[in-house]
Amino acid sequence: METITVKTSTNKYDVTIGAKLRFETSKFITKPYSSIFIITDSNVESLYLQDVLTSLQKDHEVNYTIVPAGESSKSVRVYFDVITQGLQYGLDRHGLIIALGGGMVGDLAGFVSSTFMRGIDYIQMPTTILAHDSSVGGKVAINHPEGKNLIGNFHPPQAVIYDVETLHTLTQTEIRSGYAEIAKHSLINPEPFWDNISSVNLKDALSEEVLMEHLLKGIAVKAAIVEQDERESNIRQYLNFGHTLGHALEAELGYGKITHGEAVGIGMLFAMRVSAYYYDNHNKLPYQELLTWLRANHYPFDLPRLQITKLVDRMKKDKKARNHNVQMVLLKDLGKPAIELIDDHNLAILLEKFLRELVGY
Ligand code: NAD
């Protein structure tokens, strides 16, 4: 079992990572809460809810709600229904919410916690690899039909309990999705650990030891950044490396066609291309290595033909854009991210060339 402590402006919390932690959930509840309300999704429920309930029910009043699995549950409707359920169970200002699931559940339950009776405590229990990223840092949100995460808040958890054993039931697609964010952390960290990740074959059964090593490294990168810039006014934006095109691809293809991490994988490649153009540093960046690793691990490149103008438009509407100019995180060197405003015209030319070469159209 390993622990990383994250300091925030309002509290400090431990991210504890190890095998079988879900059976010990009760040990991590350190305050006398009036009741506990678990929010989980329809896939995770059948796998892990009972283990968590069994651990908690001895000492606490526990209720739960199950939302449909998938990104569509990060909606105003589901948010409202979850709040209603909480109220019906008698959850009050002294209660605790537990988010048991991947990033979707974490973001939804976190947003519920941040607004329920003006904000109550919550604990993240991530069950996906991707959630090593989403469960740390306190960003919580639901989606608006106009775009992802447009209704949100900053609300740090009281604790993150990460049971790596739960990751054994993830599909290859979800493993790929999560590993793209680990790869991102490995590329932007001042002490890059990309060599560590590029040697991993995701089709092999990953041992808990290897998984823990990579997750700990990824969480440490995220924790160090959010401690310095909790509200994303500065270096927290580095975490968006690969996300400008990634988000545009997810939206333009239709959510769910490819996963978030798969889109970010392609987005990171493109960000390196743009970096090479702006800084003339192609030789310094592991573009070819990343491409080889993504291909070897079956990240999907067989995208349908997409209109460049529509993608550029999406990138301009991203909530990270400034005055409708596309803002991208580039790499000056491995481990040296920087933020640049990119001219639309150049962006369109670079994107067209990139997609033509990558997808072959
Ligand atoms: P997810 O929560 O939708 O999980 C993906 C799928 O895996 C779902 O079908 C889920 O039911 C299933 N699943 C979860 N745990 C499982 C397990 N142990 N075994 C088998 N199946 C399991 O998605 P995700 O990829 O974990 O997270 C994506 C979400 O995270 C997006 O909404 C994204 O916006 C958000 N996110 C937030 C932040 C942040 O800082 N708040 C950062 C990155 C991503």
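Here's a quick briefing on the overall build of this protein and on one residue, Ala99. The model is predicted, so local features need pLDDT of at least 70 and side-chain atom pairs count only at pLDDT 80 or more, while totals for chains, interfaces and linings use all residues. Residues are numbered from 1 along each chain as its sequence is written, and side-chain values use heavy atoms, with hydrogens and water left out.

**Overall build**
- You'll find twelve helices and eleven strands in the protein, where helices (H or I, at least four residues) and strands (E, at least two) are DSSP runs numbered from the N terminus.
- The C-alpha atoms fill a box of roughly 60 × 40 × 35 Å along the principal axes.

**Packing**
- Of the 361 residues, 60% count as buried, meaning under 20% relative accessible area (1.4 Å probe, protein chains only).
- Take contacts (heavy atoms within 4.5 Å) between residues at least 6 apart in sequence: 75% of them join residues at least 24 apart.

**Ala99**
- Ala99 sits in strand 5, which covers residues 96-101.
- Ala99 is buried, with a relative accessible area of 0%.
- Beyond its neighbours within four places in sequence, Ala99 is in contact with Ile39, Val105, Gly106, Ala109, Ile123, Gln124 and Met125.
- Between the C-alpha atoms of Ala99 and Asp318, 219 residues apart along the chain, the separation is 27 Å.

Notes:
Buried means under 20% relative accessible area, exposed over 50%, partly exposed in between (1.4 Å probe, protein chains only).
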